[in-house]
Amino acid sequence: MTTGTQAPQTPQVPQHADTFANRLVGRIRLNGMMALAAPLLAILFAGLVTSLVLIITGHPPIDSLLAMVEFAGMPRTMVGIINLASAYYLSAMAVALGFRMNLFNIGVDGQYRLAALCAAAVGGAVTLPKPLHIALIILVAVLVGAAWAGIAGVLKARRGVSEVISTIMLNTIATGLGAWLLTSWAVPVAGSNNIGTKPIGESGQVPGISLIPGAPNQVFGLFLLAVLVGIGFHLLLNKTRFGFDLRSTGLSEPAAVASGVNVKKMIVIAMLISGGMAGLVGMPQLLGSSYSYGLDFPPGFGFTGIAIALIGRNNPIGVAFGALLWSFLDVSQNILNFEKVSPEIVTIMQGVIVLAVVIAYELVHRYRIVAEQRRVSRELSASARTEGAAA
Amino acid sequence: MDGITKRFPGVVANRDIHLSVSKGQIHAIVGENGAGKSTLMKILYGMQRPDEGEIRIDGTPVSFSTPGDAIAAGIGMVHQHFMLADNLTVLENVVLGSEPRRAGLALDFAAARKKIKGISAAYGLDVDPDVLVEEIGVGQRQRVEILKVLYRGARILILDEPTAVLVPHEVDELFENLHGLVREGITIIFISHHLDEVLKVADAITVIRRGTTVASVDPASVTARQLAELMVGSELPSPETRESTVTDVVALEVSGLTMAAEGGRLLLEDVAFTIHKGEVLGIAGVEGNGQAELVEAVMGIRAATGAITLAGTDITAWSTLRRREAGIGYIPEDRQRHGLLLEAPLWENRILGHNSGGIWIDRKGARADTERIVAQYDVRTPGIDVDAAALSGGNQQKLIVGREMSGDPVLLIAAHPTRGVDVGAQAAIWDHLRDARAAGLAVLLISADLDELIGLSDSLKVLLRGRIVADVDPANVTPEQLGSAMTGAGEEA
């Protein structure tokens with residue numbers, strides 16, 4: 001009971017989910033060796049560009065880079081790298097969670113700073129038995145981060161405000177609000193012009209771990225928090241029904257809607273989780289060495305997190321490598337002064353890596369899509385009857 | 001303008017299309033949705049390039065690689081959905097992209113205003129260049145769109161479904177404008193599937209079916225019925241002697257379903273029907289008459305007023321998720337956008353829409369059930385870890401059908417279940433639908449394929465402009481009769 005002679009076939013080009021932006025933020029997977037090849041090529045390329053810049057400025061490229069690697073190999077530096085990477089990792093995972101659902105949380109920076117400030121103030125104000133004290137501080141940080149990001153989530157769900165705009169604005173507001181809160185809560189820090197929150201008592205401090213043998217300093221105890229967040233991220237996204245809904249929404253919103261996902265609710269929840277993770281960014285530092293939030297608390301981790309999430313394709317393992325790489329470059333650039341090389345060369349390298357990674361992923365993705373479609377049609381044509389040229 | 005010949009090899013949207021439009025005429029192109037009208041127009045307007053064939057204007061072969069080339073050759077297109085900036089005036093919208101310059105720098109609004117008024121007067125468009133677009137109505141916006149292309153010197157106008165957004169009196173106004181344009185020597189290509197309108201306005205008609213031109217007819221010597229016959233093809237479905245499986249148990253009851261678009265135009269108006277267990281209710285209608293809205297209202301994706309009762313329970317206020325959990329299966333119209341995660345493996349696609357239960361995904365169960373669907377529904381794939389994007393359309397659709405049939409649904413909403421699917425897969429999907437119906441499934445079937453509707457349905461309703469206008473007995477109706485009812489051409493079956 002058909003009318004025509006030949007059935008119409010629409011060309012099956014994946015048009016919707018398969019956009020450059022989607023590939024960029026890793027909602028589309030790259031498999032196996034390809035996933036590894038792309039970033040390695042990109043780092044190699046970045047190394048070449050940096051070498052070129054070094055040569056142009058009259059420095060020996062190999063020696064400079066070797067000096068960085070050598071410096072990074074020292075136990076003391078390795079601890080520094082891991083400590084910095086913990087914060088980078090948490091920040092990047094917070095960004096990654098949003099990315100996986102099409103949300104661009106630029107506000108991680110404001111979220112973690114505000115969260116760290118409030119957590120430090122609460123932690124300094126109370127004294128509790130050890131595990132409870134730590135748990136309370138972390139809980140406050142998570143709640144404040146989540147609430148701050150949640151504002152952007154509610155604005156988007158209710159009023160359609162782009163989360164890009166609202167989180168940027170919330171960053172600025174967080175800076176002002178943080179400064180005001182700090183002056184209201186702060187006590188002078190002895191022996192400096194700095195002011196900070198009342199230091200957190202011993203019961204709220206997390207002891208370091210002697211992870212690297214021979215190092216005089218210790219890895220932040222809450223380095224383990226970053227590891228837990230990574231594992232939790234993987235479980236949440238890949239193993240739970242909630243995570244499936246979240247990924248579906250990121251891959252194709254219309255399909256998610258048709259499948260029964262309440263996208264607005266999803267936006268708010270995703271922003272809350274992302275913000276909660278952002279709240280953790282300052283914790284390793286706060287509970288591991290500063291014990292107080294002052295004017296010198298490091299800013300900018302939120303923006304670094306975006307770059308690292310891109311390098312790591314929003315994948316917990318990939319981001320771990322990205323965070324370590326970034327941290328390695330940041331920490332070991334200090335040695336370049338001794339080599340009479342401007343440490344800013346590292347900033348060039350970081351920039352080139354991000355650009356090169358984006359381009360490399362794109363190339364690899366194009367190759368993979370074509371290869372997979374060829375493979376499917378080949379395997380099908382091998383099994384006698386084929387279904388047409390569509391795939 | 002002399003003749004257009006175009007050929008497309010293989011399985012693409014257009015093949016071997018011949019179309020010749022005479023100067024100073026309104027030439028209508030009619031065909032079902034998906035017949036290839038839009039693709040053809042995109043080629044004419046330079047948005048896509050033909051693989052084969054050539055376009056000649058006034059006998060001279062032309063080749064367009066961008067819409068800019070087409071505009072330069074005097075072809076202008078008015079899209080179905082207006083492309084106007086609401087917060088700019090008519091004048092600013094018209095000149096946007098081809099602003100007249102004075103001394104190389106300043107915008108010469110005075111000259112533009114004069115030119116617009118001139119065009120408006122010459123063709124009787126009655127457009128005021130200095131009002132904001134957001135302040136004018138739909139009919140006038142359309143005239144602004146027409147003016148926009150005339151301003152750029154178009155002599156051939158392509159109008160894509162121009163009446164779809166208009167109310168009847170605006171349609172009449174538009175037709176008067178079109179006649180005015182033609183009198184001034186403009187050629188108009190008018191795309192539509194409203195046959196009564198086409199017959200009223202066109203000087204010549206070309207019918208497209210399944211990607212190719214099947215006939216060129218003179219509107220004076222053809223009836224809407226004959227046109228419908230040409231549009232849908234005249235072969236009768238193979239008569240099916242089959243037992244009715246309709247029971248007395250009501251599965252779905254819809255009453256007073258009404259949905260309004262922004263601006264108050266009713267997309268659905270007081271739609272009511274009942275589907276029993278074991279019954280297939282077909283909804284016939286030319287696309288854009290409320291089918292998509294009806295489906296989304298029953299699925300709870302778009303808000304509508306009225307009452308929806310599923311197996312005795314009022315589900316009007318339920319979310320899409322809850323409706324799905326209550327046993328509504330949904331085969332969406334656009335499988336790639338609404339039915340699949342193209343960049344996810346098949347087994348993950350099995351979970352889509354069936355993601356209820358505990359906290360954790362039942363990975364093992366999903367994989368096993370995907371294997372079952374692949375085997376049972378003959379999905380041609382090397383494995384279940386392949387991305388859905390790598391499958392052909394027919395196989396994607398078989399996967400969706402298999403997925404939506406699993407878990408013993410109470411009601412299946414099937415929107416164009418076999419569109420764009422090859423013949424073999426089509427027959428297989430039909431068989432599965434029949435088997436499920438025999439097992440007591442209630443099916444709401446939306447289709448543009450009249451043979452499919454007549455062949456599968458136990459009862460048929462015709463949807464026209466958001467209202468159910470006719471009940472048809474599929475046992476004794478021909479596609480032509482149904483086609484006439486669908487286009488509002490009068491005589492009901």
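The exercises below go through strands, helices and single residues of a predicted model, each with a worked solution.

Residues are numbered from 1 along each chain as its sequence is written, and chains are lettered from A and ligands numbered from 1 in the order in which they are written. Local features need pLDDT of at least 70, side-chain atom pairs count only at pLDDT 80 or more, totals for chains, interfaces and linings use all residues, and side-chain values use heavy atoms, with hydrogens and water left out.

**Exercise 1. The six-stranded sheet**

Task: give the strand order of the open sheet of six strands in chain B, and name its edge strands.

Solution. 
- Step 1. Strands here are DSSP runs (E, at least two residues) and helices are runs of H or I of at least four residues, numbered from the N terminus. Two strands pair if DSSP finds at least two bridges between them.
- Step 2. The order in chain B is β18-β19-β20-β15-β21-β22, and the pairing is mixed.
- Step 3. β18 (328-331) and β22 of chain B are the edge strands, each pairing on one side only.
- Step 4. On average, neighbouring strands of this sheet are turned by 20° against each other, direction ignored. Axes are lines fitted to C-alpha atoms, for helices over the stretch in contact, and angles run from 0 to 180 degrees between N-to-C directions.
- Step 5. At one end, β18(B) pairs with strand β19 (residues 411-415) of chain B in the parallel sense over four bridges. B:Ile331 stands opposite B:Ala414 in β19(B).
- Step 6. Helix α14 (residues 393-405) of chain B packs on the sheet and touches β18 and β19 of chain B; its direction makes about 175° with that of β18(B). Contact means heavy atoms within 4.5 Å.

**Exercise 2. Strand β21 of chain B**

Task: state why strand β21 (residues 459-464) of chain B is described as largely enclosed, then describe its pairing with β15(B) and with β22(B).

Solution. 
- Step 1. Buried means under 20% relative accessible area, exposed over 50%, and partly exposed in between (1.4 Å probe, protein chains only).
- Step 2. Five of the six residues of β21(B) are buried, so the rest of the structure largely encloses this strand.
- Step 3. With strand β15 (residues 280-284) of chain B, β21(B) forms four bridges in the parallel sense. B:Ser459 is the bridge partner of B:Leu281.
- Step 4. With strand β22 (residues 467-472) of chain B, β21(B) forms five bridges in the antiparallel sense. Here B:Leu463 has B:Ile468 as its bridge partner.
- Step 5. The hairpin of β21(B) and β22(B) has two residues between the strands, and B:Arg465 takes a positive phi near 50° in it.

**Exercise 3. The four-stranded sheet**

Task: trace the open sheet of four strands in chain B.

Solution. 
- Step 1. The order is β14-β13-β16-β17 (chain B), with antiparallel pairing.
- Step 2. β14 (266-276) and β17 (313-314) of chain B each have a single partner strand, so one side of each has no neighbour in the sheet.
- Step 3. Seven bridges join strand β13 (residues 250-260) of chain B to β14(B), and B:Val254 stands opposite B:Phe273.
- Step 4. The hairpin of β13(B) and β14(B) has five residues between the strands; B:Gly263 takes a positive phi near 95° there.
- Step 5. Two bridges join strand β16 (residues 305-310) of chain B to β17(B), where B:Leu310 stands opposite B:Thr313.

**Exercise 4. A helix pair in chain A**

Task: describe how α6(A) and α7(A) pack.

Solution. 
- Step 1. Two packed helices are described by the angle between their axes and the distance between the axes.
- Step 2. For helix α6 (residues 130-159) and helix α7 (residues 163-185) of chain A, the angle is about 145° and the axes are 9 Å apart.
- Step 3. Contacting residues include A:Trp148 and A:Leu155 in α6(A), and A:Leu170 and A:Leu177 in α7(A).
- Step 4. The residues of this contact divide into eight nonpolar, two polar and two charged. Ala, Val, Leu, Ile, Met, Phe, Trp, Tyr, Cys and Pro count as nonpolar, Asp, Glu, Lys and Arg as charged, and the others, Gly among them, as polar.
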